[in-house]
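Hi everyone, thanks for coming. Please have a look at the sequence and the structure on the screen, and then we'll walk through them together.

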Amino acid sequence: MSALLGSAPSLVPAATTVGNPAINIGIFALFVVVTLAIVIRASRNNRSAAEYYAGGRAFTGRQNGIAIAGDYLSAASFLGIAGAIAINGYDGFLYSIGFLVAWLVALLLVAELLRNVGKYTMADVLSFRLRQRPVRIAAAISTLVVSFFYLLAQMAGAGGLVALLLGIEGAVGQRLVIVVVGILMIFYVIFGGMKGTTWVQIIKAVLLIIGAAIMTFWVLAKFGLSLSTLLGDATTASQDAGGKDLLQPGLQYKNPVDFISLSMALVLGTAGLPHVLMRFYTVPTSREARRSVVWAIWLIGIFYIFTLILGFGAADLVGAAAIKAAPGGVNSAAPLLAFELGGEILLGIISAVAFATILAVVAGLTITASASLSHDIYNTVVKKGTATPEEEVKVARIAALVLGAIAIIGGIFALGQNIAFLVALAFAIAASANLPTILYSLFWKRFNTRGALWSIYGGLISAITLIIFSPVVSGKPIDPLTKKSPSMLQGVDFHWFPLDNPGIISIPLGFVLGYIGTVTSREYNAAKYAEMEVRSLTGHGAETATHH
Amino acid sequence: MSKEAPERVVDDPNVAMQNSPEFDQLRSKFRRFVFPLTALFLAWYFLYVLLSVFAKDFMGTRVLGNITWGLILGLLQFVSTFTITMVYARWADRVFDPEAEALAQKMGVTK
């Protein structure tokens, strides 16, 4: 979650791996075999578009809620937040609060209305009452960009973790792992469609939450079930090692404006993430969509409370120095804690869960991006809405293959990049380009095509531009410890934007541009707006589940 | 299609429903519940964020053993999120859904 990722001054002598790679690989292989079997079973009924994109809309709210948790609790949340808490204490905890509170935006304003209005993609909702072609193209571009940055982060994380977990060292081994992850993901998505992907996410979420729960209670038991004792010991351990008081705010985020900017992106980004939105189409009704979010909020919230304990547990039992020195850097706090608690077996389980996490999340992202390419670009823009569902699904599968290949190449290229930067960028773009249009579309009568285009492109371009010229890409001073700049590029400095996260500028800009674009255009489709609003609130005319 | 007022699309069942007093009531009921709640949780979240960056000493003060104000307020963010989730789900299941379904039924008949 920080610049420390990938930098590994070798404090750990000779052997940089902990645990037994054979056990780690064995447990992971078991997960792959079980999920592949389920995916193959699920693939029997994947011919229709509703089956392929939305799992036939036949999942229950509880199943979908667990799958959402599986989709959302990515490697960045599990490994990244636990690590950030272990190193930066309270500031790491702040991250998880933004990620959780964000779900209320989805629950109250977006999930149910979107489920009623749309069919397969985010663009279905955005283009419903506007001019189809331009809005769909814009929404599809934004979907692809957000999903791609998120995907890159996961792939880069997969490669980085391997060094620690499987004992595979060197660039070649890490690249090989990215290729294996990519091929598995392509297989899940092409054969399993949304149904297969959902089951992979459900299994992964259950494993992840149980694994974290076991570790949490194990840690608490070591401290006499007292949170206060744990916090006290962890801060003492950190201070003894020359660190600061972990309970004080400000260890990670020095610049207040930067932190406010990040907080905005976190809390407003979730309800604009296309791969999260697409999950709401997998349930039969808006009531089940609501139930999904309720389940997701409970699971995600409880999980983040676990990461708080795990982070402080790692700070005390493993120690910041050992975490930073490990091959995976900050991201290795949770696996190292598992090894400390339960030896090779627990480390093997947690490692396998971490890989399962990456696989499940990348599969969800790939199906979202491929659905958008096929349903929004191919069918609506290229074929002008005349493609048959069979053709659409065929194109989506080809798109998944191509996107998977690009993700593998991009993942190899992004190896060693800062995961948090890529994920925060995805959240900032989602909050700037997608959320304003979604909210305006659902709640503002006057909203029109120009407003949507200005908001989507304005949010997208401003967020990306500000990131390119931010200190994340170039110009951070060289860290005396690692002898490298924490920026993406070394040795150059072309930054002029002072903040790491563009949210505080690009999110309001997305809203303002949507407003100005709308009021300067006179387009208004009364009949489509009526259809959309009646449908969003009453569910009349909404897509129903497919029956066999 | 009625010939009297084609541009007002009065014959469109969706437009008719959208302009009906029942629908108006459903919409304002939804917005009156959801908008203030959204404003509330966003204000509370940003208050917490601002305290964390501008009132560091207060947030770092230990209150119960080693538990600080920052942690207490942070955990209260979890509590408020869970509470709002339950309150909304209960309201939507009991109050909103029956009324929305009644209107959907009506649309089904008019169609």
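I'll go through the two chains, then where they meet, and then a few local details.

A word on ground rules: this is a predicted model, in which local features need pLDDT of at least 70 and side-chain atom pairs count only at pLDDT 80 or more, while totals for chains, interfaces and linings use all residues. Residues are numbered from 1 along each chain as its sequence is written, and chains are lettered from A and ligands numbered from 1 in the order in which they are written.

Let's begin with chain A. Its secondary structure is 19 helices and zero strands. Here helices (H or I, at least four residues) and strands (E, at least two) are DSSP runs, numbered from the N terminus. The C-alpha atoms of chain A fill a box of roughly 70 × 50 × 45 Å along the principal axes.

Of the 548 residues in chain A, 67% are buried. A residue is buried if 20 or more other C-beta atoms lie within 10 Å of its own, exposed if 12 or fewer, and partly exposed in between, with C-beta atoms placed from the backbone. Now for contacts: two residues are in contact if their C-beta atoms, placed from the backbone, lie within 7 Å. In chain A, among contacts between residues at least 6 apart in sequence, 83% join residues at least 24 apart.

How confident is the predictor? pLDDT is its confidence in each residue, from 0 to 100. Chain A has a mean pLDDT of 87, and 93% of its residues reach 70 or more. Over residues 1-16 of chain A, pLDDT stays under 50.

On to chain B, which has four helices and two strands, following the pattern α-α-α-β-β-α along the sequence. Buried residues make up 24% of its 111 residues.

Where do the chains meet? The contact takes 41 residues from chain A and 44 residues from chain B. On the chain A side, α5(A) gives the most, with 10 residues. That side divides into 27 nonpolar, 10 polar and four charged residues. Ala, Val, Leu, Ile, Met, Phe, Trp, Tyr, Cys and Pro count as nonpolar, Asp, Glu, Lys and Arg as charged, and the others, Gly among them, as polar.

A:Arg57 sits in the loop between α2 (49-54) and α3 (61-72) of chain A, and has a positive phi of about 50° although it is not a glycine. Is A:Arg57 buried or exposed? A:Arg57 counts as buried, because it has 24 C-beta neighbours inside 10 Å.

A:Leu225 lies in the loop between α8 (170-222) and α9 of chain A. Its phi is also positive, near 55°, in a residue other than glycine. A:Leu225 is exposed, with 10 other C-beta atoms within 10 Å.

Conventions:
pLDDT = per-residue confidence, 0-100.
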